[in-house]
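Please read the following points beside the sequence and the model.

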Amino acid sequence: MPTITTFTTYDGTELAYRTQGEGEPLICLPGGPMRDAAYLGDLGGLSAHRTLVVLHARGTGASAEPADPGTYRCDRQVGDVEALRAHLGLERIDLLGHSAAGNLATLYAAAHPERVRSLVLVTSNGWALGLGTTDEEWDEAVEVFADRPWYAEARAGLASIGPDTPLPRELEIVAPFAYGRWDEAAQEHAAAAQEQIRWEAAAAYHGEGAYDPETTGKALTALKAPVLILAGEYDAGPTPARAAEIATRFPDAELVVLPGAGHFPWVDDAEAFVRPVAAFLDPEVRTVTVDGVRLAYRVSGPEGAPPVVLVHGRGENGTGWHGIAEGLATDHRVYAPDLRGHGLSDRPGGYGFEDLRDELGGFLRALGLAGATVVAHSMGGGAACLLAQREPGLIGRLVLEEPPAFIPLDPPRPVAERPEGPLTLDWEVVTTTDAQLNDPDPAWREGLAAITAPTLVLAGGPSSHLPQEHLTRLTEIIPGARLVTIDAGHLIHDARPVEFLAALREFGV
């Protein structure tokens, strides 16, 4: 359950913060500007990965009003973030700022670069860097919604905005343009803003003197921490192009554009928002982009050691290889990617075995792993088989754990029904691969004879759901392949890791 705690900041004002979730703390700064932090919720489920420490800005939520209203200005709240860090007893912090609070996070990083371990800016306009969106740019950007049924009425509302339009009314008019979908959830989230924003404080937040872009830019050259810039594809402030420009102002920044998202991406698609943030914040996770798809992977073992790539099966991800990776990392450099549609990697659609084959090949090339040993399970084994026959020189040794033999299934698998609730994979993976397993391309099976990599096939024995005679046939087709049975069922590396590793070692891995 979330808890509220208070502390005293630099000028004696009592501020509050909410903690929620598990894992290392992530300090979260709400935007608005000056909006009650309740609108952040649990950031789409990010609390499952980190303990969210959500600051209630002075004068909002459970925080007290300051004696000096001038301290609502963005730059004068930098001291609040530093006071929270000191209160928590943290030497360095992971910091997330949304929207207007991205400016506060940027100013904090410029003032205290040595205190920032990582920085996440979510749909944050770059006023602190002199890169805010102009009214003309915003008006042009929202034309992306021109085909929406609400657009004409909302556009007419925009034309009515003038210098005397009250801020609450202006927010009400622009609200539909802030979400990727103007559905019931978005409308409810937007309506709450009217009571959540401290309007007089919001007017002061970007006040005169708040920003000195040249000084801030120079100070940021001392920032060693990695920075993640998140932009929504449909957001007008900042647009993806402006977010890309903001990213260039940091020494080590990565830009991720969230498809179909607006200014509140965790409302538009919570899972798509959480995946890149969780991957970025996890020190054990790295990312690489292959053909436009962002793949998460974990690496262990000494640099320069012979590489091994562990490819998971359907519904799994790279973490499922933990015990095997640990055993191999004594004398190998071990890579364990999350395939598309799984884990912390993107879910772009296109989950046929050919797509997975091309992705695995792109992963090997992107990381300079030509000639690596590839150990692949189930669905991943199917992708590795297709890659080994198409690009014989790319894989050094090939270990196939309970792979599909690409023999038509009789009887075929029925159409699977999607379970209720959140899933660990994109359900389209299941429907696509099931259809291909029922009626595989005959060329896939015929092509097994073209595999030149030394190959070990590991079968799970009678307790596996795969027909073991299919694996025998597959081994007979691949030139020189060896078949070893470990009576453990389909998930050998999990059920019998000692025997699994012994078989790899005997094979020369």
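**Notes on the predicted model**

1. Glu136 is exposed, its relative accessible area being 60% (exposed means over 50%, buried under 20% and partly exposed in between, with a 1.4 Å probe and protein chains only). This residue lies in helix α3 (residues 135-141), where helices are DSSP runs of H or I with at least four residues, strands are runs of E with at least two, and both are numbered from the N terminus.

2. The model is predicted, so local features need pLDDT of at least 70 and side-chain atom pairs count only at pLDDT 80 or more, whereas totals for chains, interfaces and linings use all residues. Residues are numbered from 1 along each chain as its sequence is written, and side-chain values use heavy atoms, with hydrogens and water left out.

3. Counting a salt bridge where a side-chain nitrogen of Lys or Arg is within 4 Å of a carboxyl oxygen of Asp or Glu, the total is 30. In one of them, Arg198 pairs with Glu200 with the closest N and O atoms 2.4 Å apart; Arg198 is buried at 18% relative accessibility, whereas Glu200 is partly exposed at 49%.

4. A salt bridge also joins Glu271 and Arg347 (3.2 Å, N to O). This pair links distant parts of the chain, 76 residues apart, with Glu271 in helix α12 (residues 270-281) and Arg347 in the loop between β12 (333-337) and α14 (353-366).

5. Leu456, in strand β15 (residues 455-459), is buried with a relative accessible area of 0%. Setting aside residues up to four places away in sequence, its contacts include Leu398, Val484 and Phe507, a contact being heavy atoms within 4.5 Å.
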